[in-house]
Amino acid sequence: MKLFSGRANRPLAEEIAKTLKTKLGKIEIKNFADGETYVNVLEQVRGYDVFLIQPTSFPADSNLMELLIMIDACKRASAARVTAVIPYFGYSKQDRKANHREPITAKLAANLITAAGADGVFTMDLHSDQIQGFFDIRLDFLYASQIIVDYVKKKNLKNLIVVAPDLGSSRRARSYAKRLNAGIALIDKRRPKPNVAEVLNLIGDVKGKSCLIVDDEINTGGTIVNAANAVLKHGAKEVFACCTHAVFAGDAVKKLEHSPLKEIIVTNTIALPQEKRTRKVKVLSVAPLIAASIKAIHTETSVSSLLNPAK
Ligand code: R5P
């Protein structure tokens, strides 16, 4: 087995390698003067079971392209099997045609990964379940919910209620609520235009309660901050938020810092630069889970037994 990291989240890849008591393979990745990506695998992969760790987070286009080139390099160097380990699968929100003449870019990204020669994909908390079917190759996935649930349990929050910030998050919220032995509230959200979220209604009683808003990702922060304001308006005592993928686009961090949220619990599927790690942001590591999954894929043992499905 050999592990290699792209440039999108090397600290996570290093942590995964350390957990597996191995080292990342040597690979040269750079850009030519015109911006094109160059990859050179600096050690033998012929006959090896290769894992390439690269979330396709911001900048999604170049991180995805870098992954494709890494896959191509390993296949052409006769790797026995290549698994793309994509802790955050970018373009996943474009998973259907919301309007006529729109692309389904998540499907296109899956096609590209397959065409590049990946034999399998490992990912975490896909934005929607239908993306599983976009891959015609092996797809394994895990949820970060158990890591987050364990952390929240230790906070010993009294009178806890889990809040789904939109109807799409309701199954995830129900799963968290079950494991945290908490109630559930739902927010009816609408998006009048991309990147703008509006709260229409709040279903459930949050009065005097500690609220935990759960989502798969925080992008601009609009959904989470609006949900936090809504539950406080309805009498909640305090409000926390959690998500797997800290996309934190634009001024999301500023928005979160200035919001009434007490703490925002995220994971390191996406590399979070120091300036985005503010006092309110708690980052939990998914490295042990990913390492265990890589080991299971390599040894052909059960991956699903590592799962704690968020639904
Ligand atoms: C939407 O369906 C997702 O689950 C998240 O709620 C969304 O991506 C968050 O976006 P933002 O932070 O920009 O409101």
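Here is a short chat about the ligand site and the cysteines of this predicted model.

Colleague: Hi! Which residues sit closest to the ligand?
Modeller: Hi! The ligand is surrounded by 14 residues, and the closest are Asp215, Asp216, Thr220, Gly221 and Thr223.

Colleague: Nice. Which element gives the largest share of that shell?
Modeller: That is β11, with 4 residues.

Colleague: And how does the shell split by class?
Modeller: There are 7 charged residues, 6 polar ones and 1 nonpolar residue around the ligand.

Colleague: Is it side chain or backbone for Asn219?
Modeller: Backbone: an N or O atom there lies 2.9 Å from an oxygen atom of the ligand.

Colleague: How much of the ligand does the protein bury?
Modeller: The protein buries 90% of the 380 Å² that the ligand exposes when taken alone. The elements giving two or more residues to the shell are β9 (183–193), β11 (210–218) and α6 (222–233).

Colleague: Changing topic: how many disulfides are there?
Modeller: The search of the whole structure finds 0. Take Cys243, which is in no disulfide: the nearest cysteine sulfur belongs to Cys242 and is 7.3 Å away, while a disulfide needs the two sulfur atoms within 2.5 Å.

Colleague: Is Cys243 buried or exposed?
Modeller: Cys243 counts as buried because its relative accessibility is 1%, and the cut-off for buried is under 20%.

Colleague: What about Cys74?
Modeller: Cys74 is buried too, with a relative accessible area of 0%.

Conventions:
Residues are numbered from 1 along each chain as its sequence is written. This is a predicted model: local features need pLDDT of at least 70, side-chain atom pairs count only at pLDDT 80 or more; totals for chains, interfaces and linings use all residues. Side-chain values use heavy atoms; hydrogens and water are left out. Buried means under 20% relative accessible area, exposed over 50%, partly exposed in between (1.4 Å probe, protein chains only). A residue is near a molecule or strand if one of its heavy atoms lies within 4 Å of it. A polar contact is a pair of N or O atoms within 3.5 Å; within protein, one must be able to donate a hydrogen and the other to accept it, and residues adjacent in sequence count only if both atoms are side-chain atoms. Accessible areas come from the Shrake-Rupley method with a 1.4 Å probe; for residues, only the protein chains shown count as cover. Ala, Val, Leu, Ile, Met, Phe, Trp, Tyr, Cys and Pro count as nonpolar, Asp, Glu, Lys and Arg as charged, and the others, Gly among them, as polar.
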